[in-house]
Amino acid sequence: MHEPLIFTHSRTGRSAAGQYPQAAAAEVPEKFRRKKRAELPEVSELQAVRHFTRLSQLNFSIDTHFYPLGSCTMKYNPRACNQFAMLPEFLGRHPLAPDSVSQGFLACMFELQEMLKEVTGMKGVSLTPMAGAQGEFAGVAMIRAYHKARGDLDRTEIIVPDAAHGTNPATATMCGCTVVEIPSLPNGDTDVEALKQALGPRTAGIMLTNPSTLGVFERRIQEIAKLVHDAGGLLYYDGANLNAILGKVRPGTMGFDVIHMNLHKTFSTPHGGGGPGSGAVGVGERLLPFLPIPIVGRDGDRYRWLDAQDLPQTIGRLSAFMGNAGVLLRAYVYMRMLGRAGMQRVAEYAALNANYMLARLQQAGFDAAYPGRRASHEFIITLKRQAKQLGVNAMDFAKRLLDHGFHAPTTYFPLLVPECLLIEPTETEAKEELDAFIEAMIAIQREAEQDAAKVKGAPYTLPVRRLDDVRAAKQLDLTYQRG
Amino acid sequence: MPFIPHTETDVREMLAAIGAPSIDALFEEIPAALRIKSLDGIPEALTEMETGRLMQQRASRDGRPLNFLGAGAYEHHIPAAVWAIVTRGEFYSAYTPYQAEASQGTLQLLYEYQSMMASLTAMQVSNASLYDGASALAEACLMAVRAHRKSKSARILVPAAVNPTYLEVARAITEGQNLKFDVLPYDAPSGTLGTSSLDAYKGQDITAVVVQQPNFFGLLEDVDAITDWAAANNALLIAVVNPLSLALLKPPGEWGTKGADIVVGDGQPFGVPLSSGGPYFGFMTTKLEHVRQMPGRIIGRTVDLDGKPGFTLTLQAREQHIRRSKATSNICTNQGLLVTAATIHMSLLGSAGLEKVAAASQTQTSALVAALTRIKGVKLAFSGPRFHEAVLQLDRKVSDVLDALAKRGIVGGYDLSRQYPDLGNALLVCATETRTDEDIAQYAKILGEVLK
């Protein structure tokens with residue numbers, strides 16, 4: 001299936017004329033005026049609708065396919081969350097409208113803050129970061145602000161395990177810190193001896209994901225927290241895997257001082273083809289004064305925005321208004337529909353699905369990267385053996401899975417496990433779906449043994465076959481040129 | 001169980017396959033001392049029907065006041081087709097197009113978006129979007145420091161009539177990287193930047209000059225002169241623009257002799273509802289020579305194994321998942337869904353339609369200014385050419401007036417007096433094509449009564 005570029009449907013003078021007013025000409029002095037129109041499409045409403053509907057049909061998505069992308073928590077996004085966040089009053093509310101005509105919206109945001117405090121064990125929450133990476137930024141910026149406020153100016157090192165998301169070291173750099181990387185042990189736990197060596201008077205903090213991106217729970221977390229705190233550092237919790245422990249253990253109890261949550265993962269707001277996300281942050285007592293603004297506060301039965309006058313030590317504003325409000329409303333609706341028991345079930349069934357797939361794939365002869373460990377809500381299969389013996393690697397398996405109607409798991413992350421597939425089924429998938437995926441893996445393995453070239457040439461049934469990424473980067477074609 | 005499909009039989013079979021006695025046993029690696037029994041602070045679950053009732057009550061409480069507030073977020077008509085397509089599951093519930101073969105819809109749409117934004121701003125390349133306009137300015141400042149290798153100062157000149165929140169955000173996001181922002185005063189009678197305020201910096205090492213068109217007061221800056229000043233003084237020019245205004249106004253690529261170097265702004269006016277401030281999307285376009293310093297996802301067109309055209313994420317060597325601590329930014333997501341809305345919106349309106357919307361917004365703002373300045377105690381602060389916002393000066397405290405208006409169903413504008421005390425009791429107002437003559441008459445009537 002192929003859909004031409006929208007520009008090829010364009011004909012001069014064609015438009016969706018019912019969509020704009022027949023206004024008088026504008027009054028723009030000559031020197032400010034645009035001389036040549038931008039080359040936007042000139043199409044009818046039907047042409048636009050058909051074009052973009054057809055484009056949508058070229059995508060895999062949660063609504064159409066099992067999407068076990070590790071570390072991304074691709075679970076069902078309930079339709080009700082979208083419908084209720086798109087009530088006309090919410091859509092029409094201007095972000096700077098007075099508090100007096102915003103009490104309904106502010107009540108939702110205040111309660112969302114409170115619920116996030118409850119599930120994380122934190123003392124304060126700010127909803128403003130617009131994505132996980134911005135939440136990380138806010139977290140590290142608060143750690144820096146804390147040390148600065150104490151006159152502890154040399155603490156500029158951030159410790160990051162080698163299994164961490166790339167955003168962790170990138171964030172530390174963005175905050176003006178240097179990165180000290182520490183290794184993981186063969187069993188997936190953090191190398192505590194290496195941590196001890198890394199800690200010192202320059203340590204600002206450590207960024208940890210727990211369960212880690214290796215799909216296992218960090219068992220020595222209390223000891224790690226004590227070591228870091230004793231060295232004068234703070235602990236940052238990357239909430240990428242919060243889905244695995246929701247309602248089972250709180251990051252605050254583990255000893256973390258700050259956390260970001262990916263509401264688009266754990267709280268099921270849509271991924272939207274790569275955004276919008278939402279990276280709300282929670283903090284313990286020590287970092288409360290530094291939270292990014294604005295935050296919703298309550299005076300008696302009235303809600304109001306708290307800003308720099310209320311939090312003079314804040315790290316400041318991270319967005320023009322208050323972050324991705326519509327995403328926050330969706331997360332709020334989701335949490336109200338789950339309720340307290342529903343939230344605990346999230347972690348339980350996410351863990352059940354992951355451990356079931358891990359067990360069955362091992363029984364089918366696949367190699368677990370961390371055998372003998374319980375999977376969290378995700379796990380890693382390494383195809384090192386297949387790559388060596390059959391010349392079929394993790395990317396080949398991933399591409400062949402697409403032909404079987406499954407979105408591929410995360411490939412080649414974490415970087416330290418060779419030929420890895422990071423598989424996260426989520427709690428919303430039925431057993432039949434998991435079984436079908438497992439059968440597909442077994443079929444691909446068999447095919448690789450008999451006809452490796454067939455697997456290496458995949459996919460065959462998608463709108464395109466493998467793309468020439470080298471050409472894409474060398475012969476840059478980033479915009480359509482007419483003619 | 002909401003959203004969980006497992007039957008008792010499923011659970012039994014799955015635990016047997018795992019060899020675990022219970023679901024609880026799957027959590028045995030978590031130290032017992034850390035485990036919690038229940039989330040007492042979370043309310044009990046509601047059904048979808050009950051949740052719907054609750055949300056409708058909350059929404060109704062806020063109502064639908066008549067809005068004359070802009071200040072960076074603008075109420076425009078959104079064609080019904082836009083969100084009908086955006087909320088299709090294939091767009092709504094897909095992720096970042098890492099598996100290009102299974103994401104051609106999103107990728108092709110982003111390529112089309114990049115083409116439209118490049119043409120609209122008259123620049124050569126565009127990324128696939130950033131979070132919002134304010135954070136896009138922060139990223140543009142960081143990018144300017146990387147791109148301008150000869151400048152060592154990391155000093156950025158910012159006119160006071162740039163959206164003050166954008167500057168606040170730029171400061172917060174760049175805090176750890178030693179950028180210096182110098183704020184230039186606007187010319188008091190005109191409300192715009194005079195090149196005389198720039199001349200104080202002549203001959204100094206300046207990394208970039210920021211200019212917003214139209215500026216925060218809705219006024220048109222002399223962008224040609226400012227762009228030429230930046231070029232003559234070896235500084236990059238960062239343009240902050242309202243994309244809708246570019247249907248009428250000279251695009252940044254054509255400013256002065258050499259054009260702007262980096263263009264950013266908020267894409268919200270294109271198909272994105274006000275929705276309390278987000279999600280919106282930030283856009284960024286630039287010259288080809290700077291493309292490797294640009295943050296965020298970029299889509300390229302290439303060919304597949306059979307030579308057939310296709311689309312893929314490209315120039316990924318700039319990004320955090322490859323370069324880790326040496327990446328251009330920590331950003332991973334764009335605002336894909338909002339870009340989807342904007343791309344459909346731009347396709348439905350085309351250049352001709354956007355021109356009409358922009359012109360109607362300007363006309364209605366002029367009508368609003370005329371109607372309100374007829375009221376005793378209201379005058380226009382600046383008389384120069386503007387787009388669709390204007391600064392009014394009142395004879396009393398603005399916040400009191402806004403409160404009184406809100407009680408009568410009018411969101412009357414933005415109170416400038418806290419951030420611009422020198423302007424006195426200044427109120428920024430806006431009318432887009434969605435405000436009818438009757439709406440304007442209604443505002444004038446009520447404001448007249450409030451100011452009596």
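Trainee: What should the 14 residues of helix α13 of chain B span at 1.5 Å a residue, and how far apart are its end C-alpha atoms?

Mentor: This is a predicted model. Helix α13 of chain B covers residues 437–450, and at 1.5 Å a residue its 14 residues should span 20 Å. The computed distance between the end C-alpha atoms agrees with that: 20 Å.

Trainee: Which residues of α13(B) are buried, and where on the helix do they fall?

Mentor: The buried residues are B:I440, B:Y443, B:L447 and B:V450. Seen down the axis of α13(B), they fall within an arc of 90°, so they line one face of the helix. An α-helix has 3.6 residues a turn, so residues three or four places apart point the same way. The place asked for is therefore one face of α13(B).

Trainee: Which residues are exposed on the other side of α13(B), and what covers the buried ones?

Mentor: On that other side, the exposed residues are B:D437, B:E438 and B:E449. The cover over the buried residues includes, from chain B, β1 (66–67), α11 (336–373), α12 (398–407) and β13 (410–411).

Trainee: What average pLDDT does chain B have?

Mentor: Where pLDDT is low, the predicted coordinates should not be read in detail. In chain B, 100% of the residues score at least 70. The chain B average is 96.

Notes. Residues numbered from 1 in each chain as written. Chains lettered and ligands numbered in written order. Predicted model: local features only at pLDDT ≥ 70, side-chain atom pairs only at ≥ 80, totals over all residues. Helix = DSSP H or I, 4+ residues; strand = E, 2+ residues; numbered from the N terminus. Expected span 1.5 Å × (residues − 1). Buried ≥ 20, exposed ≤ 12 C-beta atoms within 10 Å, placed from the backbone. Arc of directions from axis to C-beta. Contact = placed C-beta atoms within 7 Å. pLDDT = per-residue confidence, 0-100.
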